[in-house]
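Thanks for making the time this morning. I would like to walk you through one model, with the cut-offs stated as we go.

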Amino acid sequence: MSDFPYADRFTVNRTLPEQGRPREEVLAELREMAQAEDPTWETGKVSGTMYCGDHEHYGFLDEAFGLFAHVNVLQRDICPSATKFEGEVIAMALDLMHADAVTDGDPAGMVTTGGTGSIIHALLAYREHAAKHRGVTRPNFIKPETGHPAFDKGCHLFGIELRKAPIDPQTAQADIDWVANNIDENTIAIMGSACNYGYGTVDPIPELGQLAAERGVGLHVDACLGGFVLPFANELGYDVPLFDFRVPGVTSISADNHKYGYALKGASTLLFRDKSYRNAQYFFLPDWTGGKYMSPGIEGSRSGGLIAAAWASMVQLGREGYLRYAKAILETASAMQDAVRSHPELTIIGSPTFCFSFRSEEFDIYHVADAMKPKGWRFNGQQYPNAIHMAVTRPQTQPGVVAAFAADLAEAVEYAKAQTAAGQTPVSAAVYGGVPGGMTAEAAQFIEGFMEHILDTQQSLPPL
Ligand SMILES: *Cc1c(COP(=O)(O)O)cnc(C)c1O
């Protein structure tokens, strides 16, 4: 019996079906799979991933998407609506990030396909901008260790040297002195997170901004995660440092519509303090036999549906809606963090916001993950130090989830103590834990093999 998904119920398609199948039959098959999978996260026990978690909202977005899903936004002459959606999504996001405070630039933006898309477009823009205005030919970029891997990916793609600043183990914030000492004439930009994914902490953006401005380099603020939550945090009485365009020196910000913007997957906004950065990464080919070609970024054709849905989410929820959701998320995150703090064996890393991470000095924290997994909890495992991570989203704000978390965590702590006393190593550590002593050549080779295995299993069919 194959463990290929749904091989027990549905045909495995190895070729195009000779005759097409009735639409109703295809939809019934899709519905069955979706209905089997939704209950895993509907419990509120899964970290991150389902940001809105509200099927009424998803239904509404699907309808908005469906009206424009087939439209290619590259062809504005036949879909002027895309200009309305894109222009307004950018304008609303610029407004949230206080672009009105900018006096030294002409703010602009672009809608991309996700956080990674926004980050790599920012890197491309900085590289091209620095090449054009400063003659930089061997670019480097600085990220704190906690910055998202999309920065590593973008630097890899665009031939940019990446320098990684250490973080303070207590606050989990970037070491500003290290950043200052490692900026040189080839540094195109530096970055800080608001907040980072791993620990939910906000880097000292005002200090980074001052440094960037003094040294004449860009500063990208990665608000992919926090962009649609943290603008409301201060208003709700939480102490979050400024991270938006009010901070001098901040030259770009990414904020993911497909996370806490509650849009469909495949939408993020990249904002620039000045148009010259956006313009640096346009692509234009005037002499192609197929005609003059231009695209605003890396993608060619893009679906109008995703932009329509991102827009629909913003105007349907409005300021009041985002504020209300942010309040529930921040309150839930605080209550969950209180549950963690009630155990002296557990330590929360830094001063987190709505996602947080905790570790233990007394036992391997993966024992806690092991104990909570059978109860439906799914955390992200971290390393250096081993820790487990929870990104609080709307499914966690349902009644009962915090209480279940507190109760299951208390049992898990007892389990971890008992396992440690018995000399047991946790199961989860095998997948998530750090390799002691760092990455060896053998470990790198193992990962290459492991990745091939993952790609093979995720992209190929079971043997006949
Ligand atoms: C999710 C995330 C990203 C990358 O976004 P994708 O949408 O997964 O491509 C970048 N930075 C932070 C802080 C994130 O949380």
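Is Arg359 buried or exposed? Arg359 is buried, with a relative accessible area of 18%, where buried means under 20%, exposed over 50% and partly exposed in between, using a 1.4 Å probe and protein chains only.

Before going further, please note that this is a predicted model, in which local features need pLDDT of at least 70 and side-chain atom pairs count only at pLDDT 80 or more, while totals for chains, interfaces and linings use all residues. Residues are numbered from 1 along each chain as its sequence is written, and side-chain values use heavy atoms, with hydrogens and water left out.

Arg359 forms a salt bridge with Glu361, the closest N and O atoms being 3.0 Å apart; the term requires a side-chain nitrogen of Lys or Arg within 4 Å of a carboxyl oxygen of Asp or Glu. Glu361, for its part, is exposed, at 62% relative accessible area. Elsewhere, salt bridges that share partners join Asp8, Arg9 and Glu32 into one network, and a search of the whole structure finds 27 salt bridges.

Two further pairs deserve a look. Arg163 and Glu161 meet through their side chains at 2.9 Å, N to O, in a salt bridge, with Arg163 buried at 17% and Glu161 partly exposed at 41%. In the salt bridge between Asp256 and Lys259, the N to O distance is 3.2 Å, and here Asp256 is buried at 1% relative accessible area, while Lys259 also counts as buried, at 18%.
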